[in-house]
Amino acid sequence: MFGADQPLELDSGVELAPWQIAYETYGTLNADKTNAVVVCHALTGDQYAASTNPVTGKQGWWSLMVGPGKPIDTNHYFVICANVLGGCLGTTGPATLDPATGSPYGLNLPVVTIRDMVRAQARLVEHLGIQTLFSVIGGSMGGMQVLQWAASYPEKVFSAVPIAAAARHTSQNIAFHEVGRQAIMADPDWRGGNYISEGVRPTKGLAVARMAAHVTYMSDESLHQKFGRNLQDRENLTFGFDADFQIESYLRHQGMTFVDRFDANSYLYVTRAMDYFDLAHEFGGSLPAAFKETKTRFCVMSFTSDWLFPTSESRRIVQALNAAAANVSFVEIDSDRGHDAFLLDVPEMFETIRGFITGAANARGIPAPGEGATS
Amino acid sequence: MILDPNALLAGTVRGDHKVVASLIPQNARVLDVGSADGALLDLLVRERQVDGRGIELSKEGVNNCVARGLSAIQGDADTDLTDYPDQAFDVAILSQTLQATREPKKVMSELLRIGKQVVVSIPNFAHWRNRVQLLLRGRMPVTKYLPYEWYDTPNIHFCSLRDFVDLCKELDADVEKAVALSAQGNKIPINAPWWVWNIVAEQAVFLLKRD
C-alpha cells in the first residue's frame, strides 16, 4: 500500500495516489538479496503463480513452472509475482474505490500502460529492499513487461526471459482486443462502466470477449485434435442454435467461468495497456536503442503454432538485441498448442528455462539447483 | 556443424576444437557461428572463460546449447550476421561451416566485419584422398571424414586450402596463423609450403584479421 505521499507517476501524466499492489512470494530471499525473480503474469493472470487461487480454488497458473524442484525452483530463488496495475485481484484497478468519490473508479481510473505496470512492480521490489533482480520472466503480456523491465531498469535486471511475447502489439492483436472490448461495452449491464455502483455485472459481454480471445490462444491444429467436429451430448445436429458442437460448449464454458474471476472494466484497461505497448516508440522508433549497452542476459522463446505472438515477433526482439550486441539466446519450441503453450506442460520449454537459469545463476555467482546448495 | 561428428571424434574433445581453443584469448567475447550442440562453446567457456554466443541453424542444436547454459540463437549464417554491429566480438568463429553456406564470400566478409579476429576451420577438398577418388575412379569423393554422397551433402561450397587463402587475400584479410590437421584433428607436425599442406591436410584452422 502506497499512501497519498507516494504517488505512482503514470504515462498518461496522472499521478496515482494512494495506490496498492497485491503480490505473492515463493521461496526465501538470500542474505545477499541476489536470488529474487519477478514473474510477470499475462492478460487474465494474477499473482497466484504457484499457489492456490482464492477465487477459483484452482492451483496457480504457472505451478508447472514455479515451485520446489520446478524450472523456476523456489528452493533456490525468491519468486515475486504481483497483480498488474489495472487488474482486479488486489492491485489498484477500475474496481478499486476512488478515494475522491468513495465509489469504484470505473472509467475514472487513468488508462495504464505496460510501463506503468512495471513502474509499480519496481516500486514493490524497491519496497522489499531488493536492488537487483536475478531474473524477470513472463509469457505473453508478461513477456511485454519483461522487455519493459529490461529497457527501463537495465541495471536491475540480471537476466530476462520473454516468452511468446512481442515488443509491440500488432494491428491484428489490437483488432482482437477491440472486438472483446466492444462486446463488453455493448452489454446493457455495463452501464458506462458504472455497473458495480448500479449493482449489476456485464457478464454476457465479458464472456463473449473471453470466448473470442480464447480462440486466439489456441491453434487450428489443437482445436481440431481436441474437438474436431464432434457433437456435444447429442447424436445429430439439432437444426438450432444450441451448442451442437463440442467446441461451442467448450467456449461457452470458458466464457462463463471467466466472468466469475475477472472484472469487465479490468479487461478493458489491461487490453488497452497491451494495445499501447510499442517499446521502440519510447526510444525514438529504434528497438535496438531500447537495449543499448545492456548487460542483461536474455532468453527469448516462441512456439511454432503461436499465431497471436508469432515467432517473427520474437525474432524482431532477437534482431534488436543482436544489434545491441546483447547476450541473447533464442529458442523456437515445437508445439501445436498455440499461444497458450507457455502455460502448459511443454517439457522442451521447461528444459530450456532450467538450462538458461542455471547458466545465469553460475554467471551471477549464486548456487543453482543441483549444486547441493539450499537457500 | 555439418560433418559427421563420429568421423572426427578423437577422445572427448575434438582435435580441431582444441586447436581453435588455443587461438582464443582468455575472457574474449566470442561468437560461434554454426555452434551445433555447443561442444566448442562449452569448451571455450570452461577453458578460456569466454563470454560466448552461438548461432545455429538446427532448432535441436540451439535447444541443446541453451539447456546446457550456453547462449545461442537459432539463426542462419547466410542471413543473420548482418544484425550484429561492427567489431561486436573479439573473435568470430566459423567451425566447419563455411562449406555449407550459400554465399561463403559474403559470410566471410560479415565475419571479418563483426569480429576483431576471425577463426575459421574448413575441410580441405584438395586432400590427396579426394584427388585420387576423382582422378582414378572418376567419382565425387566420399571419405570417412566427408561421408556424404554428392546428392545428399549439405556441403555445397567446398574449397581447397589454397582457394581459401586466395579468398582471404581478396577480402583483405591477413592470415595470422594457420594450422593443418588430419581428419582426426591432430596437428600435422611439419613445416611445409602451402602446396604440401594442400595435399596432406584433411582440414585446417585459420586465424584471420582484416588489414
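Q: Are α3(A) and α4(A) roughly parallel or roughly antiparallel to each other?
A: Roughly antiparallel to each other. Keep in mind that we're looking at a predicted model. As for reading such a pair, two packed helices are described by the angle between their axes and the distance between the axes. Here, helix α3 (residues 171–186) and helix α4 (residues 203–216) of chain A have axes that cross at roughly 165° and come within 7 Å. Angles over 145 degrees count as roughly antiparallel, and that's why these two helices get the label. The crossing of α3(A) past α4(A) is right-handed.

Q: Which residues of α3(A) and α4(A) meet?
A: On the α3(A) side you'll find F176(A), V179(A), G180(A), A183(A), I184(A), M185(A) and A186(A). They meet G205(A), L206(A), V208(A), A209(A), A212(A), A213(A) and T216(A) of α4(A). Sort the residues of this contact by class and you get 11 nonpolar, 3 polar and no charged.

Q: At what angle do the axes of α4(A) and α6(A) cross?
A: The axes of α4(A) and helix α6 (residues 246–259) of chain A cross at roughly 125° and come within 8 Å. That angle makes α4(A) oblique to α6(A). This crossing is right-handed. From α4(A), the contact uses T203(A), L206(A), A207(A), V208(A), R210(A), M211(A) and H214(A), while α6(A) brings L251(A), Q254(A), G255(A), M256(A), F258(A) and V259(A). The class tally is 8 nonpolar, 4 polar and 1 charged.

Q: Now a strand: which residues of β4(A) point one way, and which the other way?
A: In a regular strand the side chains alternate between the two faces of the sheet. In β4(A), A36(A), V38(A) and C40(A) point one way, V37(A) and V39(A) point the other way, and all are buried. With 5 of the 5 residues of strand β4 (residues 36–40) of chain A buried, the strand is largely enclosed by the rest of the structure.

Q: Which strands do bridges join to β4(A)?
A: One is strand β7 (residues 78–82) of chain A, which runs parallel to β4(A) and is joined to it by 4 bridges. In that pairing, V39(A) stands opposite C81(A). Strand β8 (residues 135–139) of chain A also runs parallel to β4(A), with 4 bridges, and there V38(A) faces V136(A) as its opposite residue.

Q: Is P310(A) partly exposed or buried?
A: Count the neighbours. P310(A) has 19 other C-beta atoms within 10 Å, so it is partly exposed; a residue needs 20 or more to be buried. You'll find P310(A) in the loop between β10 and α10 of chain A. Its C-alpha atom is 16 Å from that of H214(A), 96 residues apart along the chain.

Notes. Residues numbered from 1 in each chain as written. Chains lettered and ligands numbered in written order. Predicted model: local features only at pLDDT ≥ 70, side-chain atom pairs only at ≥ 80, totals over all residues. Axes fitted to C-alpha atoms, helices over the stretch in contact; angles between N-to-C directions. Parallel < 35°, antiparallel > 145°, perpendicular 65-115°, else oblique. Left-handed = near helix turned anticlockwise from the far one by under 90°. Contact = placed C-beta atoms within 7 Å. Nonpolar A, V, L, I, M, F, W, Y, C, P; charged D, E, K, R; others polar. Buried ≥ 20, exposed ≤ 12 C-beta atoms within 10 Å, placed from the backbone. Pairing = 2+ DSSP bridges.
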